[in-house]
Amino acid sequence: MKNMPYKSDPGLIAALIALGMTVLGSVAAYAYKVLSGDAFSWRTLCLQIIVSVFAGFLMMLLAIYWNWPQELTGAICGMAGWSGSSLIKTLEKRFLQKAAGDSGAQIND
């Protein structure tokens, strides 16, 4: 029986897909804010992209760890790009709860 190829190869193609979806999600989120009435600013767009790329990179690392397929990795990185700092704050809160020994059953703001 022939072995199936490694579906979640975290190679260059997967990284480029993740990066592209992260940047696209970031730009889409900023475009939505501008369409909702916020003023356009190149500075804010660049900062939004930086934060979103960090969030997408975190999700890419999780995808590699859990061997997610490239399609799922791209989708999750796109959502991370859209969410940006919200995702980072949520992951931080969850990590700090785990570090403190909290089971995380209740998440209160």
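Let's start with H1. This helix has 24 residues and reaches 34 Å from first C-alpha to last, close to the 34 Å expected at 1.5 Å a residue. The expected span is 1.5 Å times one less than the number of residues. Helices here are DSSP runs of H or I with at least four residues, strands are E runs of at least two, and numbering goes from the N terminus.

A word on the model. It is predicted, so local features need pLDDT of at least 70 and side-chain atom pairs count only at pLDDT 80 or more, while totals for chains, interfaces and linings use all residues. Residues are numbered from 1 along each chain as its sequence is written, and side-chain values use heavy atoms, with hydrogens and water left out.

The overall layout is quick. The protein has four helices and zero strands. From the N terminus, the elements run α-α-α-α. Of the 109 residues, 25% are buried. Buried means under 20% relative accessible area, exposed means over 50%, and partly exposed is in between, with a 1.4 Å probe and protein chains only. Now contacts, meaning heavy atoms within 4.5 Å. Among those with a separation of 6 or more, 64% join residues 24 or more positions apart.

Back to H1. Its buried residues are Ala14, Ala18, Thr22, Gly25, Ser26, Ala29 and Tyr30. Why does spacing matter in a list like that? An α-helix has 3.6 residues a turn, so residues three or four places apart point the same way. The cover over the buried residues of H1 includes H2 and H3. Just after H1, Gly37 takes a positive phi of about 120°.

Take Thr22, in H1. Is Thr22 buried or exposed? Buried, with a relative accessible area of 2%. Its side chain reaches the backbone oxygen of Ala18 at 2.7 Å. That is a polar contact: a pair of N or O atoms within 3.5 Å, where within protein one must be able to donate a hydrogen and the other to accept it, and residues adjacent in sequence count only if both atoms are side-chain atoms. Leaving out residues up to four places away in sequence, Thr22 touches Ser52, Val53, Gly56, Cys77, Gly78 and Gly81.

Next, H1 against H3. Their axes come within 7 Å and cross at roughly 30°. That makes H1 roughly parallel to H3, because angles under 35 degrees count as roughly parallel. Axes are lines fitted to C-alpha atoms, for helices over the stretch in contact, with angles from 0 to 180 degrees between N-to-C directions. Which residues meet? On the H1 side they include Ala18, Thr22, Gly25 and Ala29; on the H3 side, Gly74, Cys77, Gly78 and Gly81 are among them.

On to H2, residues 42–65. This helix has 24 residues and reaches 35 Å, close to the 34 Å expected. Ser41 caps its N-terminal end, with a side-chain oxygen 3.4 Å from the backbone nitrogen of Arg43. Buried in H2 are Leu45, Gln48, Ser52, Ala55, Gly56, Met59, Met60 and Ala63. Helices H1, H3 and H4 are among what covers them.

Phi of Asn67 is near 55°, a positive value in a residue other than glycine. Asn67 is partly exposed, at 41% relative accessible area.

Last, Ile88 in helix H4. Not counting residues up to four places away in sequence, Ile88 touches Val51, Phe54, Ala55 and Leu58. Ile88 and Gly56 are 32 residues apart in sequence and 9.6 Å apart in space, C-alpha to C-alpha.

Note on methods. Parallel < 35°, antiparallel > 145°, perpendicular 65-115°, else oblique.
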